[in-house]
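Welcome! Please take a moment to look over the sequence and turn the structure around before reading on.

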Amino acid sequence: MANTTVSIRERIKTDAGWRWSKTIPIPEGKLNIAEAQPKGKFHLVYTERGRKREPKVNGKTFEVAVLAARAKQRHLEDAADGFKRPDPLQPIERHTVADAIERFLRRVEVSQDPDTLKAYGQSLRQFERWTDRKFVGCGKPLFDHGVGKGLG
């Protein structure tokens, strides 16, 4: 059985320098006001693929650290159950439709007939114009890493 426990540690600045707090388990329910006050820098503590990890939390409050710890613990539990989903602590790689089209056309350029490549380009440019009209006001539509793998 995999270890899916995530804890929180805090680096607190004292007169003697930076010190580690004791490991803090993820609290259940709401936080009280004293817990939510920032004192230092927060890190998550967990084991992934047999190695201890202690990444820094992006945020300055204990509440942000608790949310990150809960998300990471759900991710580890899902991985132990065989589900694959993106790591909540890693940024999602996003691309515009135009970027994905350019990468796709460059990738298939050497293996396709010039007429086929031209047809691909025309169809994909039409798709790009359609998405620009369809998503007006929403900015450029984005692909997350792994979504639309045929294009990206």
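Let's begin at a turn: strands β4 and β5 form a hairpin with 2 residues between them, and arginine 49 in that turn has a positive phi of about 55 degrees. Keep in mind that this is a predicted model. From here we can look at the strands around the hairpin, then at a helix, and then at the whole protein.

**The hairpin and its neighbour**
- One of the residue pairs to look for is glutamate 48 with its bridge partner in β5, arginine 51.
- β4 also runs antiparallel to strand β1 (residues 7-14), with 6 bridges joining the two.
- Here you can find glutamate 10, whose bridge partner in β4 is phenylalanine 42.
- Strand β4 (residues 40-48) is mostly covered, as 7 of its 9 residues are buried.

**Helix α2**
- Helix α2 (residues 62-80) has 19 residues, so at 1.5 Å a residue it should span 27 Å; its end C-alpha atoms are 27 Å apart, which agrees.
- Among the buried residues of α2 are Phe62, Val66, Lys72, His75 and Leu76.
- After α2 comes glycine 82, which has a positive phi, near 95 degrees.

**The whole protein**
- The protein contains 4 helices and 7 strands.
- Starting at the N terminus, the elements follow the order β-β-β-α-β-β-α-β-α-α-β.
- Of the 152 residues, 28% count as buried.
- The accessible surface comes to about 10900 Å², and 53% of it belongs to carbon and sulfur atoms.
- Among contacts between residues at least 6 apart in sequence, 56% join residues at least 24 apart.

Notes:
Residues numbered from 1 in each chain as written. Predicted model: local features only at pLDDT ≥ 70, side-chain atom pairs only at ≥ 80, totals over all residues. Heavy atoms only, no water. Buried < 20%, exposed > 50% of the residue type's maximum accessible area, 1.4 Å probe, protein only. Pairing = 2+ DSSP bridges. Expected span 1.5 Å × (residues − 1). Contact = heavy atoms within 4.5 Å. Areas by Shrake-Rupley, 256 points an atom, 1.4 Å probe, with all protein chains shown as cover.
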